[in-house]
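Me: I've got a model open and want to go through it with you. Can we start with the helices and move on from there?

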Amino acid sequence: QAYPVSESRGWSVAEDHIQYAMAKQACALKRLEEASSSYSLLLQPASQQNAQQQIIFLKEYIQRHTVG
């Protein structure tokens with residue numbers, strides 16, 4: 001419910017946090033396609049996340065594709 005409020009407002013770190021939480025929840029519910037979609041939104045060239053956080057997102061995205 002929070003994502004539509006923050007979407008496209010320039011709050012990229014908040015948007016990333018919401019997408020990450022949605023991806024983790026989708027994984028827990030075995031909804032791997034939805035998880036993959038949320039993870040892919042975290043891997044944007046214009047990301048304002050630091051390198052360490054981007055690595056975490058990328059590792060989880062790759063893991064999702066190798067497991068799912």
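Me: How many residues does α2 have, and how far does it reach from its first C-alpha to its last?
Reply: This is a predicted model. In it, α2 has 17 residues and reaches 24 Å between those two atoms, close to the 24 Å expected at 1.5 Å a residue.

Me: Which residues of α2 are buried?
Reply: S12, E15, D16, I18, Q19, A23, A26 and C27 are the buried residues of α2.

Me: What comes after α2?
Reply: K30 follows, with a positive phi near 60°. K30 is a residue other than glycine, and its place is in the loop between α2 and α3.

Me: Is K30 buried or exposed?
Reply: K30 is exposed, with a relative accessible area of 69%.

Me: Change of topic, aromatics. How many aromatic pairs are there in the whole structure?
Reply: The search finds two. In one of them, the rings of Y20 and Y39 have centres 6.4 Å apart and planes at 70°, so that pair is edge-to-face. Y20 is in helix α2 (residues 12-28) and Y39 in helix α3 (residues 32-42), so the pair links distant parts of the chain, 19 residues apart.

Me: Why edge-to-face for that one?
Reply: The planes are at 70°, and an angle over 60 counts as edge-to-face.

Me: How accessible is Y39?
Reply: Y39 is buried, with a relative accessible area of 1%.

Me: What about the rings of Y20 and F57, how are they arranged?
Reply: Their centres lie 5.4 Å apart and their planes are at 45°, so the pair is tilted. F57 lies in helix α4 (residues 51-67) and Y20 in helix α2, so this pair ties together parts 37 residues apart in sequence.

Me: Is F57 buried or exposed?
Reply: F57 counts as buried, at 2% relative accessibility.

Me: On to pockets. What volume does the largest pocket have?
Reply: About 180 Å³.

Me: How many residues line the largest pocket, and which lie nearest its centre?
Reply: Eleven residues line it, and S12, E15, D16, L41 and Q44 lie nearest the centre. S12, E15 and D16 are also among the buried residues of α2.

Me: Which element gives the most to the lining?
Reply: α2 does, with four residues. α2 and α3 each supply at least two residues of the lining.

Me: What is the lining like by class?
Reply: It has four nonpolar, five polar and two charged residues.

Me: Back to L41. Where is it, and how accessible?
Reply: L41 is in helix α3. L41 is partly exposed, with a relative accessible area of 41%.

Me: How far is the C-alpha of L41 from that of Y20?
Reply: The two C-alpha atoms are separated by 9.0 Å, and the residues are 21 apart along the chain.

Me: Last thing, confidence. What pLDDT does the protein average?
Reply: The average is 81, and 81% of the residues score at least 70.

Definitions and conventions
Residues numbered from 1 in each chain as written. Predicted model: local features only at pLDDT ≥ 70, side-chain atom pairs only at ≥ 80, totals over all residues. Heavy atoms only, no water. Phe/Tyr/Trp six-rings, centres within 6.5 Å; stacked < 30°, edge-to-face > 60°. Buried < 20%, exposed > 50% of the residue type's maximum accessible area, 1.4 Å probe, protein only. Expected span 1.5 Å × (residues − 1). 1 Å grid on protein atoms, 1.4 Å probe; cavity = no way out; pocket = protein on both sides within 12 Å on 5 of 7 lines; lining within 4 Å. Points joined across faces, edges and corners; volume = space filled by probe spheres on them. Nonpolar A, V, L, I, M, F, W, Y, C, P; charged D, E, K, R; others polar. pLDDT = per-residue confidence, 0-100.
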